Amino acid sequence: MKRNILITGGAGNIGGSLARCLVENKQDNIVVVDNFITGSRNKLPNENRNNFQFFEADANSMQEMKDIFSEIKFDVVFHYAALVGVERTINNPLLVLEDIEGIKNILKLSVKNGVKRFFFSSSSEVYGEPVELPQHESRTPLNAKLPYAIVKNVCESYCKSYKQVHGLDYTIMRFFNTYGPLQSQDFVISKFINQAINHEDITINGDGSQTRTFLYVDDNVNFITKLLNTDGCLNDTVNIGSSEQITILELANLIIDITGSKSKITYQPALTEGDMTRRQPDISKMKKVYSRELISLEEGIKKYLSTI
Ligand SMILES: NC(=O)c1ccc[n+]([C@@H]2O[C@H](COP(=O)([O-])OP(=O)(O)OC[C@H]3O[C@@H](n4cnc5c(N)ncnc54)[C@H](O)[C@@H]3O)[C@@H](O)[C@H]2O)c1
């Protein structure tokens with residue numbers, strides 16, 4: 001049966017990658033809404049396809065979203081629109097808090113218009129500075145302090161409350177660092193790759209000992225497509241990421257090696273907030289649905305480079 005699928009924030013890295021994948025199934029009609037605050041038109045699927053529509057609109061504006069929902073009856077919603085980026089969100093806290101209006105609008109309209117399933121892109125940031133590793137969906141306490149993380153936490157709460165009160169089925173997806181060719185240049189892997197291929201200094205905040213895990217966007221999209229086409233993680237919260245840890249300094253060296261770059265590593269003062277020391281998801285719930293081996297960081301960086 002044909003499904004109408006809405007992706008808010010679908011001109012961005014993860015939303016654009018999902019939209020490009022989903023349009024391949026001609027049975028589905030994919031609709032993207034984006035206001036281009038960090039996204040761009042060239043991340044969208046080819047607009048000449050007859051199962052794809054794009055609306056330039058603000059997910060935080062009830063009026064704009066209402067018009068779109070009255071035009072199309074959606075079966076599934078992916079709500080990915082959000083202000084992102086550590087420095088951008090720290091410098092614009094009130095704009096970040098506006099995203100609470102976005103989730104309220106989209107949930108309200110979803111219930112009113114009979115949406116069957118609602119997917120929300122939460123973040124590893126809800127765990128804040130980790131109290132334990134790996135971070136588990138239900139056992140690890142949430143230690144969110146910054147507006148971006150608090151907003152994600154509030155949005156998660158809205159999803160669960162809409163299920164409780166209105167019966168709207170949801171899946172909360174806590175994304176850990178996800179990279180790929182559509183990522184903006186201000187995120188660590190894109191930034192380092194760009195500096196490396198131009199033989200410019202690679203700048204690290206702090207001493208580079210902070211660890212991260214990185215998931216190539218294809219694994220994120222393939223896993224989510226599996227959730228969409230099954231009842232996987234229905235009315236549940238799932239970490240989506242890789243469990244392989246690497247320090248930021250090791251990452252810089254790996255990118256220099258793979259690209260054969262002459263870049264030197266330089267250091268600048270650590271960020272005063274927002275740069276967690278450690279982050280590592282417990283991905284046992286994800287792996288129950290997605291048993292395939294994840295793309296390694298080295299392979300992912302090579303795939304990324306092949307698109308430049
Ligand atoms: N990439 C990651 O590592 C990561 C990690 C954790 C969570 N997330 C979450 O995943 C989602 C997608 O992130 P991304 O990495 O693709 O970032 P991105 O910046 O590439 O995508 C976000 C998109 O949302 C759009 N947008 C923002 N506010 C909007 C609004 N009010 N109305 C309409 N469009 C709006 C932007 O223009 C952009 O296209 C976000 O919700 C983000 O918080 C991403």
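Trainee: How many residues surround the ligand, and which are the closest?

Mentor: This is a predicted model, in which local features need pLDDT of at least 70 and side-chain atom pairs count only at pLDDT 80 or more, whereas totals for chains, interfaces and linings use all residues. Residues are numbered from 1 along each chain as its sequence is written. A residue is near a molecule if its C-beta atom, placed from the backbone, lies within 6 Å of it. Here 30 residues surround the ligand, and the closest are Gly9, Gly12, Asn13, Gly39 and Ala81.

Trainee: Which elements give two or more residues to the shell around the ligand?

Mentor: Helices (H or I, at least four residues) and strands (E, at least two) are DSSP runs, numbered from the N terminus. The elements in question are α1, β2 (28–34) and β5 (117–123). The most comes from α1, with 3 residues.

Trainee: Which residues touch the most other members of the largest nonpolar core?

Mentor: In soluble globular proteins, nonpolar side chains tend to be buried together. A nonpolar core is a set of buried Ala, Val, Leu, Ile, Met, Phe, Trp, Tyr and Cys residues joined through C-beta atoms within 7 Å. A residue is buried if 20 or more other C-beta atoms lie within 10 Å of its own, with C-beta atoms placed from the backbone. The largest core holds 76 residues, and Ile7, Ile30 and Phe118 touch the most other members. Helix α6 (residues 147–166) contributes the most to this core, with 6 residues.

Trainee: How far apart are the C-alpha centres of the domains, and how many residues does each put into the contact?

Mentor: The centres lie 26 Å apart. Two residues are in contact if their C-beta atoms, placed from the backbone, lie within 7 Å. The contact takes 21 residues from domain 1 and 19 residues from domain 2. On the side of domain 1 that touches domain 2, α1 gives the most, with 3 residues.

How values were computed. A residue is buried if 20 or more other C-beta atoms lie within 10 Å of its own, exposed if 12 or fewer, and partly exposed in between; C-beta atoms are placed from the backbone. Domain bounds come from an automatic or database domain assignment.
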